[in-house]
Amino acid sequence: MTVSASSLSLGAAQAEATVVLRNLGPGSATWSHQTSASWITATPAGGTLPAGGSVLVRVAVDRTGLGPGTYASLLRFVVGAASLEVGVQLDVPPPSTPAAEVFPVSLALGQDDASATVDVVNAGMAPLHWSWSGPGWAPVEPAGGTTAPGATTRVTVTPDRSALSDGSHTATLTLDSDGGTRTVALSVVVASPAQLSVSPSQVDFGSSGTTANLTIANGGGRPLTWTAADDA
């Protein structure tokens, strides 16, 4: 049996996360879960996986009754005498203070994705004042603002591909706020339009030639679909 993650960090706002259990063995396996933390629940709580099977397990946390601070515990998936451990951590902000979280924490834009969105969440009990910083080719709109307690503000990241060469580019977007600093990992694939070139531009068969070679090239970053036709 394998588990897709060895740790889960839910910050101050996230209520749940998921892991995947997989049975890589030749036979079925019966599993259950254990934890000493009353604020962690796993659904489903157990079951039987056939050979090659998998199951998505929802790990939820309940901050009710927890005082301010950081809490960490282990969630164990038990299979016979063996167990797989997943560390679970959450934060509870002090009262009357803002607490910043961002979702998702990573963005991957393919060559046809013009933009992506990130949610700024205020998990605290006071207004959250924030602003974004990052490379000039990855502007965030709005670049700053204020989010009320318990509220969410959605921002849009729209890369300027005209300033980038073909290929994959990465950057870190940083949220600075009075409720903490958070980061979002950004990757952007750039592919310029297909660009046809043919060489040579003229062929001379002379008095006896019957064949000649032309080279068709694509100078762009996207696939080139082409056809050839003649008028003689």
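Guide: Let us begin with a definition: a residue is buried under 20% relative accessible area, exposed over 50%, and partly exposed in between. The model is a predicted one, and every label below is a computed one.

Visitor: Why is Y71 called partly exposed?

Guide: The relative accessibility of Y71 is 24%, and because buried means under 20% and exposed over 50%, Y71 counts as partly exposed.

Visitor: What makes W39 and Y71 an aromatic pair, and which kind of pair is it?

Guide: The ring centres of W39 and Y71 lie 6.4 Å apart, with 70 degrees between the planes; centres within 6.5 Å make a pair and planes over 60 degrees apart count as edge-to-face, so W39 and Y71 form an edge-to-face pair. The pair links distant parts of the chain, with W39 in the loop between β4 and β5 and Y71 in strand β8, 32 residues apart. W39, at 10% relative accessibility, counts as buried.

Visitor: How many aromatic pairs are there by this rule?

Guide: The count comes to 2 aromatic pairs. W31 and F77 also form an edge-to-face pair, at 5.9 Å centre to centre and with 65 degrees between the planes. W31 lies in strand β4 (residues 29-35) and F77 in strand β8 (residues 69-79), so this pair ties together parts that are 46 residues apart in sequence.

Visitor: How do you know whether W31 and F77 are buried or exposed?

Guide: W31 has a relative accessible area of 4% and F77 one of 1%; because the cut-off for buried is under 20%, W31 is buried, and F77 is buried as well.

Visitor: Which residues touch the most other members of the largest nonpolar core?

Guide: In that core of 23 residues, L107, V118, W132, L173 and L186 touch the most other members. The elements that give two or more residues to the core include β10 (100-103), β11 (106-109), β12 (116-122) and β13 (128-133), while β18 gives the most, with 4 residues. L107 touches, among others, V118, V157, V184 and L186, when residues up to four places away in sequence are not counted. A second, separate core of 21 residues includes L21, A42, V86 and V92.

Visitor: What makes V198 a residue that can belong to a nonpolar surface patch?

Guide: V198, found in strand β19 (residues 196-199), has 42% relative accessibility and counts as partly exposed. Because a patch takes residues with over 30% relative accessible area, V198 passes that cut-off. The patch, of about 630 Å², is made by L196, V198, V203, F205, L214, I216 and W226.

Visitor: Which peptide bonds are cis?

Guide: The bond from E141 to P142 is cis, with omega near -5 degrees, and P142 is found in the loop between β14 (140-141) and β15 (144-147). A cis peptide bond also joins S199 and P200, where omega is about -5 degrees, and P200 lies in the loop between β19 and β20 (215-218).

Visitor: Why is the phi of S96 worth a remark?

Guide: Most residues other than glycine have a negative phi. S96 is not a glycine, although its phi is positive, at about 65 degrees. The place of S96 is in the loop between β9 (82-92) and β10, and because its relative accessible area of 62% is over 50%, S96 is exposed.

Technical notes:
Residues are numbered from 1 along each chain as its sequence is written. This is a predicted model: local features need pLDDT of at least 70, side-chain atom pairs count only at pLDDT 80 or more; totals for chains, interfaces and linings use all residues. Side-chain values use heavy atoms; hydrogens and water are left out. A nonpolar core is a set of buried Ala, Val, Leu, Ile, Met, Phe, Trp, Tyr and Cys residues joined through side-chain atoms within 4.5 Å. Buried means under 20% relative accessible area, exposed over 50%, partly exposed in between (1.4 Å probe, protein chains only). Contact means heavy atoms within 4.5 Å. Patches are made of residues with over 30% relative accessible area and no salt bridge: like charges are joined within 9 Å, nonpolar side chains (Val, Leu, Ile, Met, Phe, Trp, Tyr) within 5 Å. Accessible areas come from the Shrake-Rupley method with a 1.4 Å probe; for residues, only the protein chains shown count as cover. A salt bridge is a side-chain nitrogen of Lys or Arg within 4 Å of a carboxyl oxygen of Asp or Glu. Rings of Phe, Tyr and Trp (its six-membered ring) pair if their centres lie within 6.5 Å; planes under 30 degrees apart count as stacked, over 60 as edge-to-face and the rest as tilted.
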